[in-house]
Amino acid sequence: MTQPTELSSLKPVTRNEVAAKIASYIPEGAYVNLGIGMPTIVANYLPSDKEIFLHSENGILGMGPAPAKGDEDWDLINAGKQPVTLLTGGSYFHQADSFAIMRGGHLDICVLGAYQVSESGDLANWHTGDADAIPAVGGAMDLAVGANKTFVMMDHLTKEGSSKLVQKCTYPLTGVACVAMIFTDLGVFEVVPGGLLVKEIFNEMSFELLQSVTDAKLLKN
C-alpha cells in the first residue's frame, strides 16, 4: 500500500482530463466501443472535425456526445442505460449483430474500465473475488479480445491507496495480455515487453514518485 507521504505528493488530473487525453489518442476513421462507466465520458471530448464511429454493445453505431439536460431520449440509450445522441448516418440494430461486430474483429479500439491491469497487459475488470461482490461480465470479455486494441481508463490507485497497475492480477481475469494502453489520473502507459512504458506523466510528477506508487514495473520513454 502506498505510504501517506507519497499520496500527499500526488497531483492527479480529473476524469474529464483523462477522457480528453484518451480522445487525443483515437485516430481518424476509427471504430470505437466505449465501455460502461468512466469510458463513456470520452465521447464528449472527440473533436468534431475528426470522423470517429462510436459503437455500443446493445446495438448502436454512430453515437454522438451525451445529450444536453432536458433533451434526453430514453428510447436511445447506451449499454450503461445512459441517454445518448445519434449522429447523422448512425444506426441501431439487434444485439446479436452488435456482438458479431465485437467478436469479428471489426472494432479498432475499445476503452474499458478496470480493477487491475498487470504489467504484461492482463485485464481484470468484472469481479473482485469478494464473497459479497456481484460479478458483472457484460461484453467486456468479447471486447477485450475482439477489438484490435484495448485501452483502459481507470484511477491509478484504489481508495485505500493500493496500486491498480500490478505485477500480476489478483482478481479474476477478463482477458490475458489484451491491453495495449492504460490511461490513469497520473499518466499514460503502453504495455511493452518487460513492463509498462511511461508515455506521459501528468502535472510534472517525477518518474521516481510515479514508480513508488505503482506496483507494476515502469519503463522510461
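Which strands does helix α2 (residues 15–24) lie across, and at about what angle to β8 does it run? Helix α2 lies across β5, β8, β10, β11 (187–192) and β12 (195–201), and its direction is about 165 degrees to that of β8. Axes here are lines fitted to C-alpha atoms, for helices over the stretch in contact, with angles from 0 to 180 degrees between N-to-C directions. Helices (H or I, at least four residues) and strands (E, at least two) are DSSP runs numbered from the N terminus. The model is a predicted one, with local features needing pLDDT of at least 70 and side-chain atom pairs counting only at pLDDT 80 or more, while totals for chains, interfaces and linings use all residues. Residues are numbered from 1 along each chain as its sequence is written, and side-chain values use heavy atoms, leaving out hydrogens and water.

On to the sheet itself. It is open and mixed in its pairing, with 10 strands in the order β4-β3-β2-β1-β5-β8-β10-β11-β12-β13. The edges belong to β4 (86–92) and β13 (218–219); each has a single partner strand, so one side of each has no neighbour in the sheet. Two strands count as paired if DSSP finds at least two bridges between them. Strands of a sheet pair through backbone hydrogen bonds, in either a parallel or an antiparallel fashion.

Strand β8 (residues 149–153) has 4 of its 5 residues buried, so the rest of the structure largely encloses it. Buried means under 20% relative accessible area and exposed over 50%, with partly exposed in between (1.4 Å probe, protein chains only). Strand β5 (residues 109–112) pairs with β8 in the parallel sense over 4 bridges, and C110 sits opposite T150 of β8. Strand β10 (residues 179–183) also runs parallel to β8, joined by 4 bridges, with F183 of β10 as the bridge partner of M153. Elsewhere, β1 and β2 run parallel with 3 bridges, and V32 has L54 in β2 as its bridge partner.

T40, in the loop between β1 (31–34) and β2 (53–56), is buried at a relative accessible area of 18%. A polar atom of the T40 side chain lies 2.8 Å from the backbone oxygen of G37. Beyond its neighbours within four places in sequence, T40 is in contact (heavy atoms within 4.5 Å) with L34, G35, N78 and Q82.

Y115, in the loop between β5 and β6 (116–118), is partly exposed, with a relative accessible area of 35%. Setting aside neighbours within four places in sequence, its contacts include W126, H127, K164 and Y171. Y115 and H127 are 12 residues apart in sequence and 8.1 Å apart in space, C-alpha to C-alpha.

Methods: Polar contact = N/O pair within 3.5 Å; in protein donor to acceptor, adjacent residues only side chain to side chain.
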